[in-house]
Amino acid sequence: MMNCNICGNLMVDAFTTFTVRRDGSVYVVENVPCLECPVCEHISFIQDVAVKLEKYCSGRVLPEKTIAAWGYRWGNLIIEIPKEGNVTSTKNIPLSPTMLGTQHDKKTPRYEGITTSAPI
Ligand SMILES: [Zn+2]
């Protein structure tokens, strides 16, 4: 068992979507086993998982699929997409359900790198 290195509470087994931007590409790895703090939502990976994440996000592993990423630069002009019925329509790119609201996906850690828990 591991304690959260942010708040000290006991971490529990969970799954997360890991996202990292590296060398101009965005890598998304779904269903990654992790330890999650139920109090502060800090996420940690055991060493074996972190090593595998490094491999997945190396640019040398064939992806299962490619997905569109929407890129913005803060401060640029905001041009909103017109709504059709109740749903924002982009004509060509379907919005995922998590993008339809204003809440971001809390389960997605926004790390610039891969952090690991202490070796067990
Ligand atoms: Zn915590």
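Two strands are taken to pair if DSSP finds at least two bridges between them. In this predicted model, 3 strands form an open sheet in the order S1-S2-S3, with antiparallel pairing. Strand S1 (12-22) and strand S3 (43-44) are the edge strands, each of which pairs on one side only. Strand S2, which comprises residues 25-36, runs antiparallel to S1 and is joined to S1 by 10 bridges; within this pairing, threonine 19 has valine 28 in S2 as its bridge partner.

The chain as a whole contains 2 helices and 5 strands, and these elements follow the pattern β-β-β-α-β-β-α when read along the sequence. Helix H1, formed by residues 47-56, lies across S1 and S2, and its direction makes an angle of about 170 degrees with S2. Of the contacts in the chain with a separation of 6 or more, 58% are accounted for by residues 24 or more positions apart, while 10% of the 120 residues count as buried.

The loop between S2 and S3 contains proline 38. This proline 38 counts as exposed because it has 12 C-beta neighbours inside 10 Å, the cut-off for an exposed residue being 12 or fewer. When residues up to four places away in sequence are not counted, proline 38 touches Asn9 and Val12. Proline 38 and asparagine 9 lie 29 residues apart along the chain, and their C-alpha atoms are separated by 7.8 Å.

Terms used: Residues are numbered from 1 along each chain as its sequence is written. This is a predicted model: local features need pLDDT of at least 70, side-chain atom pairs count only at pLDDT 80 or more; totals for chains, interfaces and linings use all residues. Helices (H or I, at least four residues) and strands (E, at least two) are DSSP runs, numbered from the N terminus. Two residues are in contact if their C-beta atoms, placed from the backbone, lie within 7 Å. Axes are lines fitted to C-alpha atoms, for helices over the stretch in contact, and angles run from 0 to 180 degrees between N-to-C directions. A residue is buried if 20 or more other C-beta atoms lie within 10 Å of its own, exposed if 12 or fewer, and partly exposed in between; C-beta atoms are placed from the backbone.
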